[in-house]
Amino acid sequence: MIDGRGGLSDPTWRTARTCDGGACVQVAANGPMILIADSKTPGGPALSYSVEEFREFIVGAKNGDFDDLL
């Protein structure tokens, strides 16, 4: 986890188009890492994952591996 977002190389945060402006997950690329943060806390911590870890998560999500959590 990265404490705060200020020390990062100014990544461009992205939010899903379907986000209604409320509590949304944000993602950004930062070098070889993918960062994940909560839009409700813009100065808060961000989790970092390798591109491969993030890719595996996306593949799992597309395959329905996490549908039981909804």
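First, the basis. The model is predicted, so to speak of it plainly: local features need pLDDT of at least 70, side-chain atom pairs count only at pLDDT 80 or more, and totals for chains, interfaces and linings use all residues. Residues are numbered from 1 along each chain as its sequence is written, and side-chain values use heavy atoms, with hydrogens and water left out.

Now the elements. The chain has 1 helix and 4 strands. Helices here are DSSP runs of H or I with at least four residues, strands are runs of E with at least two, and both are numbered from the N terminus. Read from the N terminus, the order is β-β-β-β-α.

Some totals. Of the 70 residues in the chain, 21% are buried. Buried means under 20% relative accessible area, exposed means over 50%, and partly exposed is in between, with a 1.4 Å probe and protein chains only. The chain exposes about 5100 Å², of which carbon and sulfur atoms supply 56%. Those areas come from the Shrake-Rupley method with a 1.4 Å probe, and for residues only the protein chains shown count as cover. A contact means heavy atoms within 4.5 Å. Among contacts between residues at least 6 apart in sequence, 27% join residues at least 24 apart.

Next, the sheet. The 4 strands form an open sheet in the order β1-β2-β3-β4, with antiparallel pairing. At the edges stand β1 (14–15) and β4 (46–50), each with a single partner strand, so one side of each has no neighbour in the sheet. Two strands count as paired if DSSP finds at least two bridges between them. As a general point, strands of a sheet pair through backbone hydrogen bonds, either parallel or antiparallel.

Taking the pairs in turn, β1 is joined to β2 (residues 25–30) by 2 bridges, and the two run antiparallel. In that pairing, threonine 15 stands opposite glutamine 26 of β2. Helix α1 (residues 51–62) packs on the sheet and touches β2, β3 (33–38) and β4. The direction of α1 makes about 95° with that of β4, where axes are lines fitted to C-alpha atoms, for helices over the stretch in contact, and angles run from 0 to 180 degrees between N-to-C directions.

Between β2 and β3 there are 6 bridges, again antiparallel. Asparagine 30 stands opposite methionine 33 in β3. The hairpin of these strands has 2 residues between them, and glycine 31 there takes a positive phi near 60°.

On to charges. The structure holds 2 salt bridges, each defined as a side-chain nitrogen of Lys or Arg within 4 Å of a carboxyl oxygen of Asp or Glu. One joins lysine 40 to aspartate 38, with the closest N and O atoms 2.9 Å apart. Lysine 40 is exposed at 53% relative accessible area, and aspartate 38 is partly exposed at 29%.

In the other, arginine 55 meets glutamate 52 at 2.7 Å, N to O. Both lie in helix α1, 3 residues apart, about one turn of the helix. Arginine 55 is partly exposed, at 43%, as is glutamate 52, at 40%.

Now the surface. Phe57, Phe66 and Leu69 make a nonpolar patch of about 310 Å². Patches are made of residues with over 30% relative accessible area and no salt bridge; like charges are joined within 9 Å, and nonpolar side chains (Val, Leu, Ile, Met, Phe, Trp, Tyr) within 5 Å. Leucine 69 is in the segment after α1 and is exposed, at 66%.

Threonine 41 sits in the loop between β3 and β4 and is partly exposed, at 38% relative accessibility. Aspartate 10 is in the segment before β1 and is exposed, at 68%. The C-alpha atoms of aspartate 10 and alanine 29 are separated by 9.8 Å, the two residues being 19 apart along the chain.
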